[in-house]
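User: Please take me through the labels used for this model. I want each one set against its definition.

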Amino acid sequence: MAKLSRTEILQEIVAAIYDCQPELEGTQIDENTNINTDLGIDSMGMIMIITRLEGNFDIMVPQQEWDSLSTLADVVNAFESRMD
């Protein structure tokens with residue numbers, strides 16, 4: 001996959017959140033949004049989102065890093081840092 005801009009990565013992440021958690025559709029989401037406290041996404045929901053993003057981006061984020069992904073900025077950083 002070609003290197004995407006930070007904004008494009010964020011847009012992909014937000015789309016994955018809406019796909020996996022349709023009840024959040026229309027919720028304002030930005031890089032400062034906390035996945036658990038602001039969006040109410042539990043660990044199972046996070047697994048669904050991360051695995052979807054891994055497939056979309058063809059990038060693997062090690063599971064031991066998943067617990068450190070609390071904001072959307074953290075998720076963007078995890079994927080952006082692994083893009084060629």
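Predicted model: local features only at pLDDT ≥ 70, side-chain atom pairs only at ≥ 80, totals over all residues.

Analyst: Residues are numbered from 1 along each chain as its sequence is written, and side-chain values use heavy atoms, with hydrogens and water left out.

User: Why are α1 and α2 called oblique to each other?

Analyst: The axes of α1 (residues 6-20) and α2 (residues 43-57) cross at roughly 130° and come within 9 Å. Axes are lines fitted to C-alpha atoms, for helices over the stretch in contact, and angles run from 0 to 180 degrees between N-to-C directions. Under 35 degrees counts as roughly parallel, over 145 as roughly antiparallel, 65 to 115 as roughly perpendicular, and the rest as oblique. The pair α1 and α2 is therefore oblique. Helices here are DSSP runs (H or I, at least four residues), numbered from the N terminus.

User: Which hand does the crossing of α1 and α2 have?

Analyst: The crossing is right-handed.

User: What makes the contact of α1 with α2?

Analyst: From α1 come Ile9, Glu12, Ile13, Ala16, Ile17, Asp19 and Cys20. From α2 come Met48, Ile49, Arg52, Leu53, Asn56 and Phe57. Contact means heavy atoms within 4.5 Å. By class, this contact has nine nonpolar, one polar and three charged residues. Ala, Val, Leu, Ile, Met, Phe, Trp, Tyr, Cys and Pro count as nonpolar, Asp, Glu, Lys and Arg as charged, and the others, Gly among them, as polar.

User: How do you know that the span of α1 agrees with its 15 residues?

Analyst: The expected span is 1.5 Å times one less than the number of residues. For α1 that should be 21 Å, and its end C-alpha atoms are 21 Å apart, so the two agree.

User: Why does Ile13 count as buried?

Analyst: Buried means under 20% relative accessible area, exposed over 50%, and partly exposed in between (1.4 Å probe, protein chains only). Ile13 has 1% relative accessibility, so it counts as buried. Ile13 is in helix α1. Beyond residues up to four places away in sequence, Ile13 touches Leu53, Leu72, Val75 and Val76.

User: And what makes Leu53 buried?

Analyst: Its relative accessible area is 0%, so Leu53 is buried. Leu53 belongs to helix α2. Leaving aside neighbours within four places in sequence, its contacts are Glu12, Ile13, Ala16, Asp58, Val75 and Phe79. Leu53 and Ala15 lie 38 residues apart in sequence, yet 9.7 Å apart C-alpha to C-alpha.

User: What covers the buried residues of α4?

Analyst: The cover includes α1 and α2. Those buried residues are Leu72, Ala73, Val75, Val76, Ala78 and Phe79. In turn, α2 and α4 (72-80) are among what covers the buried residues of α1.

User: At what angle do α1 and α4 pack?

Analyst: The angle is about 115°, with the axes 10 Å apart. This crossing is right-handed. Arg6, Ile9, Leu10, Ile13, Val14 and Ile17 of α1 meet residues of α4 including Leu72, Val75, Val76 and Phe79. The contact divides into ten nonpolar, one polar and two charged residues.

User: Is Asp58 buried or exposed, and what is its phi?

Analyst: Asp58 has a relative accessible area of 72%, so it is exposed. Asp58 sits in the loop between α2 and α3 (63-66). Its phi is positive, about 55°, although Asp58 is not a glycine. Most residues other than glycine have a negative phi.

Note on methods
Helix = DSSP H or I, 4+ residues; strand = E, 2+ residues; numbered from the N terminus. Left-handed = near helix turned anticlockwise from the far one by under 90°.
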